[in-house]
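Reader: Please take me through one part of this model in detail. I would like a close look at the metal site and the charged side chains that follow it in your account.

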Amino acid sequence: MEGSLTFRPKLRELGTLALVGLQMVYLTATLPPADEAAFFSMVNAQREDVVIIRARITRRNVAYSVRSVTATTAKEAVAAVVEEARATIDQKLEEHPWPAKIIVYCQRVEAIEDLAGKLGCDAYYREIDIRDGKAERLKFWMSGTKREQYIRGDACRRVILDSVMDGRNDREGCEDGEELCDVCQRQASEERREEEEDGGGDLEEDREEYDMRQRELQVENARYQATTLAAEEHEQFQDY
Ligand SMILES: [Zn+2]
């Protein structure tokens, strides 16, 4: 699917080999079940002739989370993202000191160069891969409601990710032995808090904590709305 008229056009021609009966092996890390039919048709394969070996995208040791930033202009948004990245990197470097490495991915070469310059680290990219590669997948992801859902964080990040990439719909959240995503972490700490409340405790303190959480939620909500607005107004920034 990564082949297009301008990107790796030869990839598309591979499918013609199937027409003369040649056995083909395709490897991909980015083809969701929903795109299989389109892929088979592109490579001239019949579904019933194909043997698929598919592994789940699930990585128990990866903790997924989304951080939002507040901004009213594209410039502010870029500055806010750089600041957020810097804070996250500093925090992670403290948790995992040298020789641990941190890799930051961006969607555009311009963003990579800009961010690397501001963070004072090296930038790596193979230009053509970043400019046009995975265009199909990205377009689907960027335009789809799944991306919205993933970012909004109403549901476990793994639930959305697995549903898109594996077609898996029986997941309820992060499971035993998996790093919790930020949504499940929040849920777990809320459940803990409720349990503590049930067991008595200092009501005054609980009340304060509750008020604080409500205020946090309001701020978060306002931030989300501001970001959404900013994102709509500055589509270009979304690529950053
Ligand atoms: Zn989760």
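This is a predicted model: local features need pLDDT of at least 70, side-chain atom pairs count only at pLDDT 80 or more; totals for chains, interfaces and linings use all residues.

Author: Asp162 pairs with Arg168, with 3.8 Å between the closest N and O atoms. Both Asp162 and Arg168 are buried. For Arg168, the relative accessible area is 10%, so this residue falls under the 20% limit for buried.

Arg168 has another partner. Glu175 forms a salt bridge with Arg168, and here the closest N and O atoms are 2.9 Å apart. Glu175 counts as partly exposed, because its relative accessibility is 34%.

These pairs belong to a wider set. A network of salt bridges links Arg158, Asp162, Arg168, Asp170, Arg171, Glu175 and Glu178.

Now the metal. Four cysteines coordinate the zinc ion through their SG atoms: Cys156, Cys174, Cys181 and Cys184. The distances run from 2.3 to 2.4 Å. Along the chain, the donors follow the spacing C-x17-C-x6-C-x2-C. The site is tetrahedral, with angles of 106 to 113° among the four donor atoms. For four tetrahedral donors, the ideal angle is 109.5 degrees. Cys181 is buried, and so is Cys184.

One further pair deserves a look. The structure holds 15 salt bridges. One of them joins the side chains of Arg54 and Glu36, at 3.0 Å from N to O. Glu36 lies in helix H3 (36–42), and Arg54 in the loop between helix H3 and helix H4 (74–95), so the pair ties together parts 18 residues apart in sequence. Arg54 is partly exposed, at 34% relative accessibility. Glu36 is buried, at 13%.

Conventions
Residues are numbered from 1 along each chain as its sequence is written. Side-chain values use heavy atoms; hydrogens and water are left out. Donors are N, O and S atoms within 2.8 Å of the metal (3.2 Å for Na, K and Ca); water is not among the atoms, so sites may look incomplete. Four donors count as tetrahedral if all angles lie between 85 and 135 degrees; four count as square planar and six as octahedral if opposite donors are over 155 degrees apart and all others between 65 and 115; anything else is irregular. Buried means under 20% relative accessible area, exposed over 50%, partly exposed in between (1.4 Å probe, protein chains only). A salt bridge is a side-chain nitrogen of Lys or Arg within 4 Å of a carboxyl oxygen of Asp or Glu. Helices (H or I, at least four residues) and strands (E, at least two) are DSSP runs, numbered from the N terminus.
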